[in-house]
Amino acid sequence: MIRKISIFARDSRGIAAIEMAFIMPALLFLYFGLVDLTGLITLNRKISYSSSVVADLVSQNKTTVTSANITDYFNAAELVMSPTPIANLRVDVYDYYSNAGTITMRWSKSSTGGTSCGTPSTANLANLMTDGNDVVLVLACSTYTPYLATFLGQNVLGATSFSLDGQTALRPRTSATLACTGC
């Protein structure tokens, strides 16, 4: 009996399987965590670039932009986001006007996708504006749902989805003000 126990204790077959059983969950968690992290970073960059593209396109208009033009600019944001699904993407365009140091919103237009991005931050607009001048502010937002949260639940990451947004403010290029028809 003692001889059989000593033979069993010295046998090394199956050690690799046991080591793999201990290490594989940690490696899978690390792999999918890195996949989620790169997906989150990529989506964040695409959202920032989408807001920049729309702001650039709106600010290139001479004195007036139409609602149809802005809708086309939203389509440009969809192209920037591809191949990422754009069902959750929301783009809001605002035009702010400065008069005697008072900043007021003149017009706005929002895309149809996603949930509301909330109120844009206008704290630093005064640095970009002079009296009688407009600033076009574009806010793009979306949500990202990581695979780990889907697979392992909210307890691992603290949430099942994350809200991402990008904000860009530009002055109109060819005139001091920019009107919108149909907004």
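**Entry 1: Ser50.** I looked up the contacts of Ser50: leaving aside neighbours within four places in sequence, Ser50 is in contact (heavy atoms within 4.5 Å) with Ala77, Val80 and Met81. The model is predicted, so local features need pLDDT of at least 70 and side-chain atom pairs count only at pLDDT 80 or more, while totals for chains, interfaces and linings use all residues. Residues are numbered from 1 along each chain as its sequence is written, and side-chain values use heavy atoms, with hydrogens and water left out. I noted that Ser50 lies in helix H2; helices (H or I, at least four residues) and strands (E, at least two) are DSSP runs, numbered from the N terminus. Is Ser50 buried or exposed? Ser50 is buried, with a relative accessible area of 0%; buried means under 20%, exposed over 50% and partly exposed in between, with a 1.4 Å probe and protein chains only.

**Entry 2: H2 and H3.** I then read the packing of H2 (residues 15–59) against H3 (residues 67–81): the angle is about 155 degrees and the axes are 9 Å apart. Axes are lines fitted to C-alpha atoms, for helices over the stretch in contact, and angles run from 0 to 180 degrees between N-to-C directions. H2 is therefore roughly antiparallel to H3, a term for angles over 145 degrees. Among the residues that meet are Leu43, Ser50 and Val54 in H2, and Ile70, Ala77 and Met81 in H3.

**Entry 3: The core.** I recorded that the largest nonpolar core has 22 residues. Such a core is a set of buried Ala, Val, Leu, Ile, Met, Phe, Trp, Tyr and Cys residues joined through side-chain atoms within 4.5 Å. Val54, Ile70 and Trp107 are among those with the most contacts inside this core. Not counting residues up to four places away in sequence, Ile70 touches residues including Val58, Val93 and Cys180.

**Entry 4: Pro83.** I found Pro83 in the loop between H3 and S2. The peptide bond from Ser82 to Pro83 is cis, with omega near 5 degrees.

Definitions and conventions
Angles under 35 degrees count as roughly parallel, over 145 as roughly antiparallel, 65 to 115 as roughly perpendicular and the rest as oblique.
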